[in-house]
Every structure is written in C-alpha cells, then in structure tokens.
Amino acid sequence: MVGDKVKKANEEFRASLEKVQLPILVLDKKWHQLFQMIGKNEAIVTTEEQVNHFLREQGRLNQEIKELKKVKSGLMEQIVANMDQLDGVEPRDGMSKVIDDNHRLIEEVNQKIEESSDQLLEVPVLLKEENEKLMVFCMDYCFDLLKANGEKIEEIGNWIKKIRIELKKNIIVKQDAEIKNQEIYNYMQAFLGAKIIDVFDLKYEEDGTVIDK
C-alpha cells in the first residue's frame, strides 16, 4: 500500500517535470558555484558524468555530420565537373571509373550521415533523461542539507535562548549580591567606623578576598 503511494507520488512528480523547461544544469555557471560550496555526493557525480558524456556525443555527431556533408558536397562537385568534361565525348575507362567511385563514395557517405543522424535523434532524449535525474539528485541532496542545517539552526537557536534566560537570571543574582554587599559594607562602616573598616579592608585584600563595595 505504501509502495503504491510512493509510486503514484513519483509519477505525479515526473508529470510535473514535463511541464517545466529544464536547462542543461552542467552548462550553468551557478550550478558549479553551488557545488563548489557544498560538495557533491556519488549520485550527483555519476549522473553529471553521464550528462557531460551525452553533451560531448551530441557535439561529436553534429560535427561528424557537418564534415560528412562537406565530403559529399566535394564528391558531387567532382562528379559534375567530370560529367561536364564528358559532355558530347565518348567516356574513357579511367574517367568512368572515377565517376563510379565517386557515386559509391557518396552512397557510403549518405549511409554514414543516416547512421549519425539516427544516433543524433536518440542523444537529446537520453540527455534529457539524465539531466532530469541530475536535477532530482541535486534537489534531494540540497533539501537534505537544508533540513540538517535547519535542525542545527533550531538547536543552536534554542541554546542561545536558554543561555539568554540564564544570563538574565545571573545578571539579576549578580546585581542583588552587589547591592547586598554595598549595604553590608555601609552598615559595618556606620557602627564600626571608617578607620576599623579600613584595617579590615587591608587584611582581606592581603588574604585575596574580593569585596565589591
């Protein structure tokens, strides 16, 4: 029963993600700044590597297709040039072979372009999946840290509150003791006289007794 609820919650969460235009996280400078500050767990590191892999693969395939199209264009130009040379002329064996080779090479290039294009169609889907996984791992990790820091903040806040209460109590106790000391000293001085009190002051100072007057 609990498993069904969790599964349903995950499905609803995934459905919500589909409505959000998620940027490629590893291309964002703020992403790297965040994890320079808090570090990464193993899930984030592994998934980030996968995202980077598919980004590199996407770039490689785009470059490969671009270069293949350039090669194809060159071969076609050669065929046209050779055909122009043969216009109205009986084709020579060597020239025909060049044209045939160029046609064969164009077919091979077309096959490679098709294969690379098929792969290129798959890469964005895989990239999107890994990027979403990376985002989920990131959110889980960050919210765990936020929760742990929140608990620490609350714990320290409670300690500070307790210390403040104790501090206020001790300030009152200290002030009360100071007032009593002053009153005791004043009464002693009143009925014993200042000279006798001065003698006792010297005695207690020599003994190391601190009397707040």
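Which residues have the most contacts inside the largest nonpolar core?

1. Val-26, Trp-31, Phe-35, Ile-44, Val-51 and Leu-134 do, in a core of 25 residues. Such a core is a set of buried Ala, Val, Leu, Ile, Met, Phe, Trp, Tyr and Cys residues joined through side-chain atoms within 4.5 Å. Helix 2, helix 3 (42-86) and helix 4 each give at least two residues to this core. Helix 4 supplies the largest share, twelve residues. Helices are DSSP runs (H or I, at least four residues), numbered from the N terminus.

2. This is a predicted model: local features need pLDDT of at least 70, side-chain atom pairs count only at pLDDT 80 or more, and totals for chains, interfaces and linings use all residues. Numbering runs from 1 along each chain as its sequence is written, and side-chain values use heavy atoms, without hydrogens or water.

3. Thr-47 sits in helix 3. Thr-47 is buried because its relative accessible area is 4% (buried is under 20%, exposed over 50%, partly exposed in between; 1.4 Å probe, protein chains only). Leaving out residues up to four places away in sequence, Thr-47 touches Glu-130, Lys-133, Leu-134 and Phe-137 (contact means heavy atoms within 4.5 Å).

4. Val-51 has its own partners. Beyond neighbours within four places in sequence, they are Ile-24, Val-26, Leu-127, Glu-130, Asn-131 and Leu-134.

5. Check both ends of helix 2. At the start of helix 2 (residues 29-38), a side-chain oxygen of Asp-28 comes within 2.8 Å of the backbone nitrogen of Lys-30. Just after helix 2, Gly-39 has a positive phi of about 75 degrees.

6. Trp-159 belongs to helix 4 (residues 93-192). Trp-159 counts as exposed because its relative accessibility is 54%.

Note on methods:
Polar contact = N/O pair within 3.5 Å; in protein donor to acceptor, adjacent residues only side chain to side chain.
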